[in-house]
Amino acid sequence: MAVQGRCGTRPFGPDRVAGPLAQVVLLGALYRTVGLGPAGWLTGCACTVATWAALTRAVRGCWLPSFGPANRVTLARATLVGGVAALVADSFGRRSPVAVLVALAVVALVLDAVDGRVARRTGTATALGARFDMEVDAFLILVLSVYVAVPLGPWVLAIGALRYLFVAASWALPWLRAPLPPSTARKTVAAVQGVVLVAAGAGVAPRPLERGAVAAALALLGWSFGRDVRWLWRAGVRPAGGTAAVGPVDAAPTGRPGRGESAPDPG
């Protein structure tokens, strides 16, 4: 789907305000129901500030006609992920309410299949929405990997860190920022990470089975990243010395971005 390039004059400040308010309400509900501690409050508030700041910066200088229904779904997901992050941070100081944490994460994962569909059906897909969706996905996986790393081992953190390592590498190697073609396999592997981490976090299966499932998910993720890096390497323009040049030989005709960039079709 093509990215909408129109810019209007009406900011969507109310939506950006609604997000932080919803986050505070959720944190308050967690405090009253499961006794959210200081670490949870601090983490949840940090997520709120980061989300608000990121959206403010993203929309500065080019106001879209409307925030859009798909972005509102993604904002709801960001609120839930902030709640998950708060509970994970709180879990280091005391026993965490696993059922509540898993429930929030499951709803966030389910809504991940909703925002992209809403954007396509309403014709409101934007680069902003795609990037917003991508960042919420990546942060949820990072938070869940931190939670699961406690019982299974620090190696689980690689699942959450891979995407951020890829982005960091793209700062030094510009060819990693070239567009990638659409891939059902890539989307499937990404979905598997969330499902497996939530299942492992629930702690309902024997530890060896959880460890094997998470290891398999990490292997799939490594394969997915390796395949994309190989594609970008073949498509990229590099001088004889091996230093990356600034762009690809043949950008994907769909305009799909690399793993570190925004995408026109969220979800």
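Analyst: A cavity is here a set of grid points where a 1.4 Å probe fits but cannot get out, and a residue belongs to the lining if it has an atom within 4 Å of such a point. Helices are DSSP runs of at least four residues, numbered from the N terminus. The model under discussion is predicted.

The structure holds 1 cavity of 30 Å³ or more. The space in the largest cavity amounts to about 90 Å³. It is lined by 12 residues, of which G19, P20, T51, L75 and T79 are the closest to the centre. Three helices, α1 (13-34), α2 and α3, each supply at least two residues of this lining. The greatest share comes from α2, which gives 5 residues. By class, the lining of the largest cavity comprises 6 nonpolar, 5 polar and 1 charged residues.

The description now turns to an open space. The second largest pocket contains about 560 Å³. Its lining has 19 residues, and those closest to its centre are A50, A54, R131, F132 and E135. Here α2 (38-59), α3 (69-90) and α5 (127-152) each supply at least two residues. The pocket lining is made up of 14 nonpolar, 3 polar and 2 charged residues.

On the α3 side, the contact is made by N71, T74, L75, R77, A78, V81, V84, A85 and V88. On the α5 side, the contact residues include G129, F132, D133, V136 and D137. The residues of the contact of α3 with α5 are 14 nonpolar, 3 polar and 3 charged.

Some residues link these descriptions. L75 takes part in the contact between α3 and α5, and L75 is also among the residues closest to the centre of the largest cavity. F132 of α5 likewise belongs to that helix contact, while F132 is also one of the residues closest to the centre of the second largest pocket.

How values were computed
Residues numbered from 1 in each chain as written. Predicted model: local features only at pLDDT ≥ 70, side-chain atom pairs only at ≥ 80, totals over all residues. Heavy atoms only, no water. 1 Å grid on protein atoms, 1.4 Å probe; cavity = no way out; pocket = protein on both sides within 12 Å on 5 of 7 lines; lining within 4 Å. Points joined across faces, edges and corners; volume = space filled by probe spheres on them. Nonpolar A, V, L, I, M, F, W, Y, C, P; charged D, E, K, R; others polar. Contact = heavy atoms within 4.5 Å.
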